[in-house]
Amino acid sequence: MVVEPEQWRTPSRRLLRLRRWEVAVPAVAVAVVVALAGGRSSWALGFAGGVLVAGAIVWVVVGRRYQSWGYAERDDDLLVRRGVLFARLSVVPYGRMQFIDVTAGPLERVFGLATVRLHTAAAATDARIPGLEREEAGRLRDRLAELGEAQAAGL
Amino acid sequence: MSTGTPDGWHRLHPLSPVVRGGRGTIAIAILLVPLLFGRGRLSDAFPQAAIVGVLALGGFVSWLVTRWRIEDDDLRIETGLLRRQSLRFPLAQVQAIDVVRPGLARLFRVAELRLRMAGASGATARLAYVGEGEVDPLRDRLLALARGARVHEGIPTGDAEPDSPPERVLAIVPTGPLVASILLERGWLIVILAGLLSGFVVSPRTAAAVIGGGGFVWAISIVTVLWRRFNQQYRLTVAEGAEGLHLRGGLVALTAEVIRPGRVQAVRLVEPILWRPLGWCRLEADLAGRQKGKGEGEAQRGQLRTLLPVAKRTLALELVDRLVPDRPHDLSPPPRRVRWKSPLRYRVLRWGRSDTCVATVSGRLRRVTCWVPLEKAQSLRHVQGPVQRRLRLASVHVDTAGKGVHATLRDRDAAEAAEALKDLTDLARAARKRVAVV
């Protein structure tokens, strides 16, 4: 796909922070609880260390996953890319969009983020953009709805 | 026998509740037998009589409060006594009108009209039931109105002239091959049957025990599934008519369906491994506005409409040409290194495109060929997994409305896949514009 690098937009940096918190907080909590409950015995400390190492690995993976997300609004379609292990690139023509929904889970709300999801008549279409700042999510939703209406094609 | 009133309202056939009751009606009839012919006093049978009475009254009331009429470009159906429902179906959105006759309906000489609507919800307007004599005129009238309404609203119809030549039969599915194909497709069934038979020969007692203990129930469920398939596809007739392809068939329950060419989202040709020596295949289509209807079991939900349950490949391809004009003919194989990633599929994997259509072949044991008209493609996806990355391969998925057809350009050279994604995006856009202009 020919897309100028500057055309790609990425989710908010706050998504990265949210994802890292989601890893770090439980990992540290489990490590501390195990270390304290185990009375600083060697197996408890070893287990806690293991949890921390695993958490650190996931921390790095989460960073790379965040890097892989991107979307580009072109004249006739929206491109969404994602995935490290399985790299996916979806092309969704505006005319094919049936509806768009914007959702925000409790944690996302704390960080002021929202997820925009596009639906077409095909169940397999898998175009979702997480971690958009709320204004950007609203802007994207309105723009997509507008373009979708302008280019709507029948089934 | 729908009773019209001056303001255009019609009722359904008075026997509708009886037919709609289906198996319940048969049960009631059995209940009634001792009541009518029994020698016991009437008071003994009072509970049964009360149940029958209540059900009959319920059926009568539901018939009484249901009425329909045609208002301009809409079909309006009003129903319900306590929870009154008024349904409006814009005829411009009618995708097809099917005539369905379950066994009981044939007995009472009535039929159901099913209007399949376009749109994401895919609602179906049902007139169940209408007297047999009125079905065809009513269907023709609704179709004519639908066509008129479409022209009226500027929606392209793609239909032929109203009075075009009578339909031409293209294929009738023969019964022998149908039975053979249903059994052959389930290779495991033959294995089990053979196992049971040899079991009887070696040790009749053990085999009888297997059948007695649970195996019997299991056997019945298998037979039910096979029977349903046979019942639906018995003497399925494909004909070419004014509106598109006409499908008719069924043994006990008759169905008739019209498929307009524009309604086809994707077509697929399936060749199960045991059919291939015989050169047989099955042709299925994914249609807009098709959902599970009465008389189709749970298993059929989300499945494709079978156009030809079993046919020679040449005949099936002829039909494909009618549904998907300008299908691609040269399909290219994947690079040799795909053997390592998909050893079973490597031999069959192919893909090709014309300016309006994309074709893919895949499958491990059975061979599945899919055709998707590009103007029907919903979205495109380019996917590269870890193994594919190592081998410099990638796949492109063409997503279509419906659930049955998965057209995937599987395991192509990475550069070719990227090129294909770009080409298909542009071609699909051009195809959509072309359809919108016509």
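## A tour from one strand pair to the next

Select Arg76(B) to begin: opposite this residue stands Arg88(B), in β4(B). The model on your screen is predicted, and local features are described only at pLDDT of at least 70, side-chain atom pairs only at pLDDT 80 or more, while totals for chains, interfaces and linings use all residues. Residues are numbered from 1 along each chain as its sequence is written, while chains are lettered from A and ligands numbered from 1 in the order in which they are written.

**Stop 1: hairpins in chain B**

Now show residues 74-79 of chain B, which are strand β3, together with residues 85-90, which are strand β4. Helices (H or I, at least four residues) and strands (E, at least two) are DSSP runs, numbered from the N terminus. β3(B) and β4(B) pair in the antiparallel sense over six bridges; strands count as paired if DSSP finds at least two bridges between them. Five residues lie between the two strands of this hairpin, and Gly80(B) there has a positive phi near 95 degrees.

Which residue of β3(B) is the bridge partner of Trp68(B)? Select Ile77(B) to see the partner of Trp68(B). The hairpin of β2(B) and β3(B) has two residues between its strands, and Asp72(B) takes a positive phi near 50 degrees.

**Stop 2: backbone details in chain B**

Go next to Ala128(B) and Tyr129(B): the peptide bond from the former to the latter is cis, with omega near 5 degrees. Tyr129(B) belongs to strand β7, residues 124-131 of chain B. Then pick Asp326(B), a residue other than glycine with a positive phi, near 60 degrees. Asp326(B) sits in the loop between α9 (313-323) and α10 (338-341) of chain B.

**Stop 3: confidence**

Colour chain B by pLDDT, the predictor's confidence in each residue, from 0 to 100. The average for chain B is 81, and 85% of the residues score at least 70. Over residues 155-164 of chain B, pLDDT is below 50, and the stretch has 15 contacts in the model beyond near neighbours in sequence. Two residues count as in contact if their C-beta atoms, placed from the backbone, lie within 7 Å. Residues 291-302 of chain B also stay under 50. Where pLDDT is low, the predicted coordinates should not be read in detail.

**Stop 4: where the chains meet**

Show both chains; the predictor gives the complex an ipTM of 0.88 and a pTM of 0.76. How many residues of chain A are in contact with chain B? There are 26, in contact with 23 residues of chain B. Strand β3 (residues 87-93) of chain A provides the largest share of the chain A side, seven residues. β3(A) pairs with strand β18 (residues 377-384) of chain B, antiparallel and over five bridges. To see one position there, select Arg88(A), which stands opposite Val383(B) in β18(B).

**Stop 5: inside chain A**

Chain A divides into domain 1 (13-66) and domain 2 (70-151), with bounds from an automatic or database domain assignment. Their centres, taken over C-alpha atoms, are 31 Å apart. The contact between the domains takes six residues from domain 1 of chain A and eight from domain 2 of chain A.

Select helix α1 (residues 13-37) and helix α2 (residues 42-68) of chain A: their axes come within 8 Å and cross at roughly 175 degrees. Axes here are lines fitted to C-alpha atoms, for helices over the stretch in contact, and angles run from 0 to 180 degrees between N-to-C directions. α1(A) and α2(A) are therefore roughly antiparallel, a label for angles over 145 degrees. Their contact includes Leu15(A) and Val23(A) of α1(A), and Phe47(A) and Trp59(A) of α2(A).

Finish at the open antiparallel sheet of chain A, whose three strands come in the order β4-β5-β6. Its edge strands, each pairing on one side only, are β4 (99-103) and β6 (127-133) of chain A. Strand β5 (residues 113-119) of chain A pairs with β6(A) over five bridges, and the bridge partner of Val116(A) in β6(A) is Ile129(A). Last, select helix α4 (residues 134-151) of chain A, which lies across β4, β5 and β6 of chain A and runs at about 140 degrees to β6(A).

Technical notes
Parallel < 35°, antiparallel > 145°, perpendicular 65-115°, else oblique.
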